[in-house]
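This report looks at strand pairing and at the contacts made by aromatic rings.

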Amino acid sequence: MKSKFYNLKLFAIGLILTTVATASLTSIYAHDLVIPKNENESYGYSDSPKQPWSEFRVHDPSRPIPKKLNPTPPTYFQEAPSDAIVLFDGSNLDAWQPTKWNLVDGTIECTSGVFATKEKFGAFQLHLEWLSPANFEGDWGNQGNNGVCLLGAYEIQVFDSFKINNYPDGACGSVYGQTPPLVNACTPAGNWQTYDIFFTPAKYDGDKLLESPRVTILQNGIMVQNNQEIYGATSHFKGPGPIVLSGHGCPVRFRNIWIRSFD
């Protein structure tokens with residue numbers, strides 16, 4: 001069994017894993033999928049390329065599954081601070097590039113293609129809220145599937161990890177293809193959930209890398225990434241970049257998106 005959306009992820013992974021050949025990355029999806037036998041196992045691949053910075057393979061099913069916390073679904077609609085740039089308040093899509101996504105009841109609903117800001121950002125605090133559809137009839141790998149791409153490159157996964165044990169480095173709250181979340185802070189599909197993402201881009205002295213990019217993430221108010229290093233090909237992203245939401249065909253909805261730029 002293979003999920004039809006995988007090829008859409010190759011670009012993001014290829015940008016990140018510099019020491020693994022692109023041909024090897026592509027070959028991940030030519031291998032057999034490991035299907036979990038029970039709730040203590042996850043989907044994944046046992047013969048994919050090894051991550052240069054860890055003891056695990058990309059999408060390794062032997063990686064520990066993040067502990068599920070079962071938090072209370074957030075009920076607030078957080079107001080943007082006075083110094084924030086409001087990217088989406090339910091009224092229009094003026095801050096975004098032309099898209100096929102739908103404006104539905106004050107939310108933006110994913111259809112196909114990506115959803116990218118017109119403005120570019122470097123260091124920032126980003127707040128957004130999303131809702132994975134309940135009872136979605138797509139395959140296992142597309143349940144609530146979306147992502148928040150920082151600089152248009154480094155993907156923070158959106159996924160229904162309350163229901164599905166995806167490979168841990170692709171679980172909700174992961175730095176996709178790299179680092180699983182510290183815990184599973186998901187609530188059931190059909191509830192609004194929140195991300196607060198704090199991002200610092202790479203720092204350079206000319207072409208010399210001084211510091212890798214780092215990210216801290218709160219999901220539903222719970223820390224799931226703590227000043228986590230983002231590995232790999234940062235040299236292609238020295239400048240600012242857009243905020244990009246991924247489109248994989250699952251009708252995930254978003255609302256209340258704002259950003260505080262620290263450039």
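## Sheet and ring contacts

An open sheet of 4 strands runs in the order S4-S13-S6-S7 with antiparallel pairing, where strands are DSSP runs of E of at least two residues, numbered from the N terminus, and two strands pair if DSSP finds at least two bridges between them. Because strand S4 (115-116) and strand S7 (154-158) stand at the edges, each with a single partner strand, one side of each is left without a neighbour in the sheet. S4 pairs with strand S13 (residues 244-245) in the antiparallel sense over 2 bridges, and alanine 116 stands opposite valine 244 in S13.

This is a predicted model, in which local features need pLDDT of at least 70 and side-chain atom pairs count only at pLDDT 80 or more, while totals for chains, interfaces and linings use all residues. Residues are numbered from 1 along each chain as its sequence is written, and side-chain values use heavy atoms, with hydrogens and water left out.

Rings of Phe, Tyr and Trp (its six-membered ring) pair if their centres lie within 6.5 Å, with planes under 30 degrees apart counted as stacked, over 60 as edge-to-face and the rest as tilted. The count comes to 9 aromatic pairs, including the two tabulated here.

| Pair | Class | Centre to centre | Between planes |
|---|---|---|---|
| Tryptophan 96, phenylalanine 115 | stacked | 4.1 Å | 10° |
| Tryptophan 130, tyrosine 195 | tilted | 4.5 Å | 45° |

Tryptophan 130 lies in strand S5 (residues 124-131) and tyrosine 195 in strand S8 (residues 192-200), so this pair ties together parts that are 65 residues apart in sequence. Both tryptophan 130 and tyrosine 195 are buried, that is, under 20% relative accessible area (1.4 Å probe, protein chains only).

Note on methods:
Buried < 20%, exposed > 50% of the residue type's maximum accessible area, 1.4 Å probe, protein only.
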